[in-house]
Amino acid sequence: MINYDAIEGLEEKTFWKHFADISVIPRGSGVPSNQIGISNYIFSFIRKLGLEVYQDEHLNVVARKPAAKGYEEEPPVMLQAHLDMVCEKELYTNHDFKRDPIRLIREGDTIMADGTTLGADDGIGVAFIMSILEDQSLKHPEIEAVFTTDEETDMGGAFNLDYSKIKSRLILNLDAEAIGVCGSGELELEMSIPIKREPVMKKSEVCRIKIGGLKGGHSGMNSMDERGNAILILTRLILALQNKVDFRLADIIGGQGMSSAFARNSTCVISYPAVARDDVTRILDEEFAVIKKEMERRDPSVKMDLVFEVEVYDNVIDEKSQNKLLDLLTILPDGLFSLNREFLGAMESATNIGVIETNENRVFVTMLIRSFLPGKKYFLLRKAVRLCELLGVEHSIGRDLPHWEYNVSEKLMKILNDVYPNTEFHASQATLEAGIFNMNIPESTVISLGSPYYEAHSPSEYLSIAETEDYWEMLISFLEKLKNDE
């Protein structure tokens, strides 16, 4: 059921209805079946408009809308957005992202979701393009609308697009916020530690250590906030027990499967002599008090829960495997590495240990590296790889995405300054598909003109109604000004 209550009274701007419509369609990243529905919906919507459209085997959708009268001689312009979204939710909700609609909530000027990510990243960009395609009163050059898939994982949609069919050399990316003129690249490193298990020691008990309450967020866009990482906080707690209590890890998990998001939650189960419960409690409480104090201005709602005598475990990770894992988590670089000197207030390089998972035989750790400079990106990779080699940890590159070069002409800069007079040009700290388009389309210029959204990749994601409508008007004005009157 489509939740139109959240957009009541906003119908004059048709993109709000489109945003509500696509919010009921599952579109999680990573698995093609999760994006078939949204891809088919967009394809059908465009075909009903009578526009030229095709859908490729990677579920990308590409459409063309003819130029408005008087713009026939202007070069075409690409409007680009991605169809998938990050699926994060609060622990209290049983929301199923493969089946359930996103429930929109409106509070004053804010639209967010009920306990889940909103999908404004990049649903609002998709909705903008849908409205532009259907509105025949707008003035603009020929529009090439490109809707890509799997942006939030390996950007497989953009990598596999047939660029021989693309005519545009000006690409307006409607992800992230205006006005982005360059952006970081990223690289995902996947690590795997084979583990041996041994029987649980006699006269022992188990405790589940749970870290939660963190803001989470986008590991690029929120990198300067230096928010808490639940995986690293849990690691510090476990390390506090070393050499004080004879314990073994039975299980450890953290993050929500996306290395691009800060881990909001992390949990481990430890086994230790039952007589040591008071020591375990005291040590963990003392260490967490230190961490809580450190986080009071950055992530003040962080919390620790200790649950004793949880379900029985037959075996635990042996000491050698446990030490290797803790060494890896302790030494891996995490957080800000260098600051951007061209765009003040932005990161230049950063890393995020985003996911940890355990099965019977292995522990998996995933780290994401972001950088505006390829040299620093690969240096950070080399640091992590060298550590893996020293520890004997298996590793592989999950994805390697190019950065986005600045390449904006004086003419376009003048138009941008006219249309966005109070908006500063900035470097996008998110890794957009822009670098892939730059790489595949010679002499292309990419500008991000998306409407802002906040707390991306977390259930706190929201957007401002007034601000979104302002950015819509500015985008329409920008397209109208792409007319050579000389």
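Colleague: Let me start with a strand. Which residue in β18 does leucine 189 stand opposite?

Modeller: Leucine 189 faces methionine 367 there. Keep in mind as we go that this is a predicted model.

Colleague: How many bridges join β9 to β18, and in what sense do the strands run?

Modeller: There are 10 bridges between β9, residues 185–194, and β18, residues 362–371, and the two run antiparallel. β9 also pairs with β19, residues 394–401, again in the antiparallel sense, over 7 bridges. On that side, methionine 191 stands opposite histidine 395.

Colleague: And where do side chains point in a strand?

Modeller: The general idea is that side chains in a regular strand alternate between the two faces of the sheet. As for cover in this case, 8 of the 10 residues of β9 are buried, so call the strand mostly covered.

Colleague: Which residues make the contact?

Modeller: From α5, residues 230–241, you have Ile233, Arg236, Leu237, Ala240 and Leu241. The α6 side, within residues 277–294, includes Val280, Ile283, Leu284 and Phe288. Sorted by class, the contact holds 10 nonpolar residues, no polar ones and 3 charged ones. Among the charged ones are Arg236 of α5 and Glu287 of α6.

Colleague: Now the backbone. Which peptide bond is cis?

Modeller: Look at the one from aspartate 121 to aspartate 122, where omega is near 0 degrees. Aspartate 122 lies in helix α3, residues 120–134.

Colleague: What about phi? Where is lysine 203 found?

Modeller: In the loop between β10 (197–199) and β11 (204–212). Histidine 457 is another non-glycine with a positive phi, about 70 degrees. Its place is the loop between β21 (445–448) and β22 (462–464).

Colleague: Is lysine 203 buried or exposed?

Modeller: Exposed, because its relative accessibility is 77% and the cut-off for exposed is over 50%.

Colleague: And why does histidine 457 count as it does, buried or exposed?

Modeller: Histidine 457 has 2% relative accessibility, so it counts as buried; that label applies under 20%.

Methods
Residues are numbered from 1 along each chain as its sequence is written. This is a predicted model: local features need pLDDT of at least 70, side-chain atom pairs count only at pLDDT 80 or more; totals for chains, interfaces and linings use all residues. Side-chain values use heavy atoms; hydrogens and water are left out. Axes are lines fitted to C-alpha atoms, for helices over the stretch in contact, and angles run from 0 to 180 degrees between N-to-C directions. Helices (H or I, at least four residues) and strands (E, at least two) are DSSP runs, numbered from the N terminus. Contact means heavy atoms within 4.5 Å. Buried means under 20% relative accessible area, exposed over 50%, partly exposed in between (1.4 Å probe, protein chains only). Two strands pair if DSSP finds at least two bridges between them.
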